[in-house]
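I open this notebook to record what I looked up in one model, entry by entry. The sequence and the coordinates come before the notes.

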Amino acid sequence: MGVPRHTWGTFFSPNETNVTFHHPRIAYILERKVFDRAIAEMAATAGAEVMVKARATGVTTSDNEAVNGVVFRHSGRDYTCKTKVVIAADGVESQVARWAGIDTTHQLRDVGICAQYLISNMKIGTDYCDFYFGREVAPRGYVWVFPKGDDIANVGVGIGGAISGKGGKLAIDYLNEFVKRKFPKGKILGLVCGAVPVAESLPKLVGDGILIVGDAAHHSDPMSGGGIANAMYSGKFAAEAAVEGIRNGDVSETVLAAYTKRWNNKFGKHLKNICRIRNCIIKFSDETLDKYTETLAKIPCEQITMAKIFQTLLRHQPRLLLELRHLITAGWV
């Protein structure tokens, strides 16, 4: 599926001081179109009916308001498909979940607004992913360069939702500025834009006859915005709860809540802690990020650990001892 292995990444502070984190086999770059098609092929082989160019337009409910079907449009005609259970996997601020009466809205501060180019004709290394930080380059977010070959990469930016549009600048404007400065000879081959949840999990993950997964359930990583791995876990947990409910003839919210319990047991505290760290870091000034990175850059990359990162962070920002006290007690710091 075209999955180059990476030994992690190089982080650039606002003044472009850089520090490299060297952890073999920690990251992979997926060719997303190929990956998605492979997943669809696996589903079809397992017996699923895959419908392309079909758009959900609503859900149906029983007399007791349990979800029991989906309304969709395909080839210019409307259809209704009756179901035993519906899994909403339709991305940020899920419409499917809303139709079922579940609030999936975000506060602007809890969303990252993103734009990404696929660019060729670039001279880049393939061992590391690059990340750029700073209020000028990507306020409340970061720029990424993910190599997909010797001369091609995904180059994107995510900025805070509350920042988008301020001063007349959108995510695409920050991206264009970065690409013009760093890769002036690059050839743009593709563009994708969208929003990514960067908050804790959606409080309500299930209802009668419905489960919510992936970005729709706010299951992306609050720090990085990455969502594939978490989405696969939530999809697995939700499917297992759905199968159990169908086998027992009961897909009520109470029964499907087994999914919520399993998700919270594995990821609940972790995502809360990541949110706390993120909320602290996005308050840093560019000067603080520069000093922090300059200190870390003096440490051999193979010796950099999470403990050293937090020790350096707390040395520069001792006030964080109070803000991160819950993490310290839990042994995170």
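Is Tyr 233 buried, partly exposed or exposed? I find Tyr 233 partly exposed, with a relative accessible area of 37%, where buried means under 20% relative accessible area, exposed over 50%, and partly exposed in between (1.4 Å probe, protein chains only).

**Entry 1: ground rules.** I note that this is a predicted model, in which local features need pLDDT of at least 70 and side-chain atom pairs count only at pLDDT 80 or more, while totals for chains, interfaces and linings use all residues. Residues are numbered from 1 along each chain as its sequence is written, and side-chain values use heavy atoms, with hydrogens and water left out.

**Entry 2: aromatic pairs.** I count rings of Phe, Tyr and Trp (its six-membered ring) as a pair if their centres lie within 6.5 Å, and call planes under 30 degrees apart stacked, over 60 edge-to-face and the rest tilted. The structure holds 14 aromatic pairs. One of them joins Phe 12 and Tyr 132, which are stacked at 4.3 Å centre to centre with 5° between the planes. Phe 12 belongs to strand β1 (residues 5-12) and Tyr 132 to strand β8 (residues 129-132), so this pair ties together parts that are 120 residues apart in sequence. Phe 12 and Tyr 132 are both buried. Returning to Tyr 233, I find that it forms a tilted pair with Phe 237, at 6.0 Å centre to centre and 50° between the planes. Tyr 233 and Phe 237 are four residues apart in helix α4, and therefore separated by about one helical turn; Phe 237 is buried, at 4% relative accessibility. I also looked up a cluster linked by ring pairs, made of Phe 11, Phe 131, Phe 133, Tyr 142, Trp 144 and Phe 146.

For the element names used throughout, helices (H or I, at least four residues) and strands (E, at least two) are DSSP runs, numbered from the N terminus.

**Entry 3: two open sheets.** I take two strands as paired if DSSP finds at least two bridges between them. Three strands form an open sheet with antiparallel pairing, in the order β3-β4-β5. Its edge strands are β3 (54-61) and β5 (77-82), each of which pairs on one side only. The twist from one strand to the next averages 25°, from axes that are lines fitted to C-alpha atoms (for helices over the stretch in contact), with angles running from 0 to 180 degrees between N-to-C directions. Strand β4 (residues 67-74) pairs with β5 in the antiparallel sense over six bridges, and Phe 72 stands opposite Tyr 79 in β5.

A further open sheet of three strands has the order β6-β13-β12, with mixed pairing. Here β6 (86-88) and β12 (206-207) stand at the edges with a single partner strand each, so one side of each is left without a neighbour in the sheet. Between β12 and strand β13 (residues 210-212) I find antiparallel pairing over two bridges, with Val 206 opposite Leu 211 in β13.

**Entry 4: nonpolar cores.** I use the term for a set of buried Ala, Val, Leu, Ile, Met, Phe, Trp, Tyr and Cys residues joined through side-chain atoms within 4.5 Å. The largest such core has 27 residues, and those with the most contacts inside it are Leu 205, Ile 210, Leu 211, Ile 212, Tyr 259 and Trp 263. At least two residues of this core come from each of β4, β6, α2 (95-99), β13, α4 and α5 (253-281), with α5 giving the most, five residues. Apart from it lies another core of 21 residues, among them Ile 119, Val 145, Val 157 and Ala 171.

I then checked contacts, meaning heavy atoms within 4.5 Å. Not counting residues up to four places away in sequence, Tyr 259 touches several residues, including Leu 205, Val 206, Leu 211, Ile 212, Phe 237 and Ala 241.

**Entry 5: single residues.** Where does His 218 lie? I place His 218 in the loop between β13 and α4 (228-247), and His 218 is buried, at 6% relative accessibility. A polar atom of its side chain lies 3.5 Å from the backbone oxygen of Thr 104.

Which residues other than glycine have a positive phi? Lys 53 has one of about 55°, and phi of Ser 75 is near 55°. Lys 53 sits in the loop between α1 (32-45) and β3 and is exposed, with a relative accessible area of 78%. Ser 75 lies in the loop between β4 and β5 and is exposed too, at 64% relative accessibility.

How values were computed
Polar contact = N/O pair within 3.5 Å; in protein donor to acceptor, adjacent residues only side chain to side chain.
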